[in-house]
Amino acid sequence: MESIKSKIRTVPNWPKEGIMFRDITTLLKDKEGFNFMIDKLVERYKNMDIDVVAGIESRGFILGSVLAHRLNLGFVPIRKKGKLPAETVSEEYELEYGKDVIEIHKDAISEGQNVLLMDDLIATGGTSLAACNLIKKLGGNVVECSLIVDLPTLKGRKKVEDAGYKVFNLVEFEGE
Ligand code: AMP
């Protein structure tokens, strides 16, 4: 996993002072790194009886759609409010300042489907938890919430686990 971690760039003070932004674009552009990371996820999920992969806008789209394709499954986007054209269900969650809303198409997941949720990173856990709740609202079973990076200092993983969901990540960065 060190090879994956070493390919993730840290941009200090972006998008604002005090944030250490963990930028996966440097991992994505590296063909060995990208392949290795997706191979690890395929290995983990190929026998888990998953019906569909859902990804959170926008880095979760890149990872989730590639993974879905490799697992021979379909892909469902979870998007910021107002972007999906058909009927949606939505979930509000807390940001550091204020609130945000994510949405999923109402017919994207059917009752009892096993759904793998994919995003790039878990920080406070608000985004991942809201996405898990959306899947649950549609009757889906969240097999796991899967991330490349966890920032354990922010305890987001615990927050999502305490709500009853399984969480998996490939690497961790201490400090925000
Ligand atoms: P949170 O809801 O606090 O867990 O934030 C997770 C979402 O915000 C993910 O979609 C990440 O892409 C993004 N994010 C939050 N903090 C960072 C960070 N330090 N570096 C990169 N992305 C971040």
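For the classes used here, Ala, Val, Leu, Ile, Met, Phe, Trp, Tyr, Cys and Pro count as nonpolar, Asp, Glu, Lys and Arg as charged, and the others, Gly among them, as polar. On that scheme, the shell around the ligand has 6 nonpolar, 4 polar and 5 charged residues. The model is a predicted one, in which local features need pLDDT of at least 70 and side-chain atom pairs count only at pLDDT 80 or more, while totals for chains, interfaces and linings use all residues. Residues are numbered from 1 along each chain as its sequence is written, and side-chain values use heavy atoms, with hydrogens and water left out.

The ligand is surrounded by 15 residues (a heavy atom within 4 Å), the closest being Asp-120, Ala-123, Thr-124, Gly-125 and Thr-127. Three elements, β2 (20-23), β7 (114-122) and α5 (126-137), each bring at least two residues to this shell, and β7 has the largest share with 4. Helices (H or I, at least four residues) and strands (E, at least two) are DSSP runs, numbered from the N terminus.

Then there are the polar contacts (pairs of N or O atoms within 3.5 Å; within protein, one must be able to donate a hydrogen and the other to accept it, and residues adjacent in sequence count only if both atoms are side-chain atoms). On the oxygen side, a polar backbone atom of Gly-126 is 3.4 Å from an oxygen atom of the ligand. The protein covers 82% of the 480 Å² of accessible area (Shrake-Rupley, 1.4 Å probe) that the ligand has on its own.

Most residues other than glycine have a negative phi, and most peptide bonds are trans. Trp-14 and Pro-15, however, are joined by a cis peptide bond with omega about 5°, and Pro-15 falls in the loop between β1 (9-12) and β2. Another cis bond runs from Glu-57 to Ser-58, with omega near -5°; Ser-58 is in the loop between β3 (52-56) and α4. Asp-49, in the loop between α3 and β3, has a positive phi, near 60°.
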